[in-house]
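The sequence and structure are shown first.

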Amino acid sequence: MSSLDDQDFCVLNKYASGFMVSQVIFAACELGVFDVLAKAQEPLDSEAIAGRLDCSRRGTELLLDACVSLGLLQVDVRSGAAYYRNSDMADTYLATGSPKTQCHMLRYLGTTTYRCWGHLPEAIREGKNQYMKAFGVPADQLFAAIYRSEDERLRFMRGLQDIWSVCGTRVVTAFDLSTFPVICDLGGGSGALAKACVSVYPKCKVTVFDIPEVVGTARTHFSFPEEGRISFCEGDFFEDHLPEADLYVLARVLHDWPDDRCSHLLARVHHACKPGGGILVVETVLDEGGRGPLSTLLCSLNMLLQTEGRERTEAQFRALLSSAGFCDIQLRRTGGTYDAILGRKESCHST
Ligand SMILES: C[S@@+](CC[C@H](N)C(=O)[O-])C[C@H]1O[C@@H](n2cnc3c(N)ncnc32)[C@H](O)[C@@H]1O
């Protein structure tokens, strides 16, 4: 084998075992490895960790060493015994008590998303999501399938909000939104992005608009110390009257839907928008030509498996927004997972 073949073989093996890496992270989160180590005042050996997790010593040792190799844990060997502690990455993003924890999303990925990905060949053949095969539920009503039980709705909402503790400020400061004192976050879920808005813009108020079941779950299970500045409104954004606002936010909403549904929704938002008002679309945006980056292409495949939509390029967003009537459309890349696109209603008349 030439060294070039060798390199190709290594790359291929790395890709092929990618799912095992994910599973190590999912299992360690699910079992509570990072929480045990975050709570311990000192590094622990595998026997102590296995005891606290109520797991086998053999399995725990193998999992811990895989986590060390991935940089999630650190190990000190003293007198032949190994003592484990969280790496900074694990303390920040994997311990559930951290304000930046991503554990809920990892649990969602490790259960619901992972099961859907097991049906990728069928999804490609059929061109549609896989709720029927993965969970035995029909997906003719997309969000009825996504929210197939109260537990699943809570798991989804908790998972989705994790990212905003890391990327929320970046997204809401991509443009100066201080000129929009009243904001409506359409499909705003648990209100996590609304919290980022009110913490950055001291004068703004946000109405989170979502379907009644989601609003009910948000009120019951999520806390809102920003009392009075975040309110909820129940409704269907395809059908019902939209609350009055200076700015409408659609974060990770358009990627759930095909172009015709997006156009219908955007036309409704444009109709509700005051002259001078705006729309902020928050999505992970594909490169020009749509062939990268890989992370966004994988999100697009995930949209095939779990929704009716896809990720889009800047040109595709511009086309959707301008045909709904929005002008002055600008994309700001945030350097993080999600980018921001601002459109305006006002300048249509001035050009
Ligand atoms: C992918 S989630 C995004 C949640 C949130 N914007 C975020 O980025 O974390 C899509 C949201 O749209 C809401 N949604 C779906 N269909 C809706 C409808 N017809 N009317 C109102 N909200 C809807 C869902 O309940 C969910 O909260």
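A pocket is here an open set of grid points where a 1.4 Å probe fits, with protein on both sides within 12 Å along at least five of seven lines. The model is predicted. Its second largest pocket has a volume of about 340 Å³. Of the 15 residues lining this pocket, Pro 99, Gln 161, Ser 165, Ala 192 and Lys 195 are the closest to its centre.

Two helices, α11 (150-172) and α12 (192-200), each supply at least two residues of the lining. The most comes from α11, which gives five residues. Sorted by class, the lining of the second largest pocket holds five nonpolar, seven polar and three charged residues.

The second topic is strand β10, residues 339-344. This strand is mostly covered, with six of its six residues buried. In a regular strand the side chains alternate between the two faces of the sheet. In β10, Asp 339, Ile 341 and Gly 343 point one way, while Ala 340, Leu 342 and Arg 344 point the other way. Both sets are buried.

Two strands pair with β10, as the table shows.

| Strand paired with β10 | Sense | Bridges |
|---|---|---|
| β8 (residues 278-283) | antiparallel | six bridges |
| β9 (residues 327-332) | antiparallel | four bridges |

Glu 283 has Asp 339 in β10 as its bridge partner. Gln 330 stands opposite Leu 342 in β10. Strands β9 and β10 form a hairpin with six residues between them, and in this hairpin Gly 335 takes a positive phi near 85°.

Definitions and conventions:
Residues numbered from 1 in each chain as written. Predicted model: local features only at pLDDT ≥ 70, side-chain atom pairs only at ≥ 80, totals over all residues. Heavy atoms only, no water. 1 Å grid on protein atoms, 1.4 Å probe; cavity = no way out; pocket = protein on both sides within 12 Å on 5 of 7 lines; lining within 4 Å. Points joined across faces, edges and corners; volume = space filled by probe spheres on them. Nonpolar A, V, L, I, M, F, W, Y, C, P; charged D, E, K, R; others polar. Buried < 20%, exposed > 50% of the residue type's maximum accessible area, 1.4 Å probe, protein only. Pairing = 2+ DSSP bridges.
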